[in-house]
Amino acid sequence: MPELPEVETIRRQLSKEIVGRRVSSVDVFFAKRLNVSTKKFIGEVSGRRVRDVRRRAKVLLIDLSGGLTMAVHLKMTGRLLFTKKADAPTKHTHLVFGLSGGRRLMFEDVRKFGWVRLFETATIEDSLIGPMGLGPEPFDDAFTPESLAKCLSSRGNSRIKPLIMSQRCVVGSGNIYTDEALWKARIRPDRKAGTLTRQETNRLHAEIRSVLKEAIKRRGSSVDDYVDAYGRPGTYETKHEAYGRGGEKCARCGGLIRKIRLGGRGTHYCPKCQK
DNA sequence: GTGGCCCTGTGA
DNA sequence: TCACAGGGCCAC
């Protein structure tokens with residue numbers, strides 16, 4: 001699924017295309033990933049105007065008029081796509097929103113891990129975001145080398161990659177970007193978090209920001225079939241140095257990139273230059 | 001902390 | 001037929 005760069009790309013596109021528009025119709029084709037009944041979902045969302053499109057970690061927050069927020073998590077294979085009226089729903093279409101001005105927005109998800117949930121805007125922090133136990137946004141001032149060092153030492157026995165992926169020390173970096181940031185910082189993914197030196201922690205902090213920033217610029221990575229809201233793939237995968245490069249030569253030292261399993265996830269690193 | 005699990009599709 | 005795939009929650 002989309003990690004932060006992909007979700008942020010979609011957020012920006014939605015922000016540009018749907019803010020100010022009114023929801024003129026709602027069609028529900030698959031309701032199991034909603035937190036309310038189909039009837040309630042249609043009744044609540046229909047007729048409201050889109051006020052803002054925000055993001056916290058990998059969750060999209062679509063604020064509607066009247067104090068309602070529609071939260072969307074794309075998980076592994078969820079998509080939000082602008083569609084034409086003539087486009088028929090596919091077997092993976094969960095929701096279709098008609099919007100004023102002739103716009104249409106579709107939510108689809110092959111693996112059905114993604115969800116769409118309604119909350120009162122005022123309570124979203126307490127009811128949704130808070131319980132997720134999220135760390136700071138990577139580009140917030142709150143994410144510093146010091147905050148990272150503190151978080152790593154508080155979970156010193158965890159391996160660094162699963163800890164970064166847990167969203168606890170910083171949000172937004174998933175399986176791809178964690179492998180990339182660790183490669184750039186020259187840190188092995190299976191290092192215990194508590195063993196990182198201050199210098200390594202500083203590098204990791206900088207590289208998490210750098211990788212995510214560059215990936216946003218390139219509208220994310222399309223390893224398999226991710227596309228943005230316009231249906232276009234991202235272009236950052238051409239920049240991947242570790243992820244998906246098992247068996248290839250390391251661009252930095254010429255060693256062979258190795259693929260292992262760590263925390264149940266495919267993990268790519270260079271045993272020669274990542275320490 | 002680690003592994004299983006929620007699902008479906010794809011490629012070896 | 002089986003392992004694996006951009007996530008994250010929940011039970012051991």
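Glu-137 touches Leu-4, Arg-55, Arg-56, Ala-57, Phe-143, Val-170 and Val-171, not counting residues up to four places away in sequence, where contact means heavy atoms within 4.5 Å. This is a predicted model, in which local features need pLDDT of at least 70 and side-chain atom pairs count only at pLDDT 80 or more, whereas totals for chains, interfaces and linings use all residues. Residues are numbered from 1 along each chain as its sequence is written, chains are lettered from A and ligands numbered from 1 in the order in which they are written, and side-chain values use heavy atoms, with hydrogens and water left out.

Glu-137 lies in the loop between α3 (124-129) and α4 (145-154); helices (H or I, at least four residues) and strands (E, at least two) are DSSP runs, numbered from the N terminus. With a relative accessible area of 11%, Glu-137 is buried, a term that means under 20% relative accessible area with a 1.4 Å probe, protein chains only. The table gives two distances for the side chain of Glu-137.

| Side chain | Partner | Distance |
|---|---|---|
| Glu-137 | Arg-56, side chain (polar contact) | 2.9 Å |

Chain A is divided into domain 1 (4-132) and domain 2 (145-269), with bounds that come from an automatic or database domain assignment. Between them, domain 1 and domain 2 bury about 1600 Å², 61% of it on carbon and sulfur atoms; buried area is the accessible area (1.4 Å probe) that two parts lose on being put together, summed over both. Of the area that domain 1 buries against domain 2, Pro-5, Glu-6 and Gln-13 supply 31%, more than any other three residues. Across this interface the rule finds 9 residue pairs in polar contact, both at pLDDT 80 or more. On the side of domain 1 that touches domain 2, α1 (4-18) and β5 (78-82) each supply at least two residues, and the largest share, 9 residues, comes from α1.

Helix α6 (residues 175-185) is mostly covered, with 10 of its 11 residues buried, and these buried residues pack against α1, α5 (160-165), α7 (198-217) and β10 (265-269). After α6 comes Arg-186, whose phi is positive, near 60°.

Definitions and conventions
Polar contact = N/O pair within 3.5 Å; in protein donor to acceptor, adjacent residues only side chain to side chain. Buried < 20%, exposed > 50% of the residue type's maximum accessible area, 1.4 Å probe, protein only.
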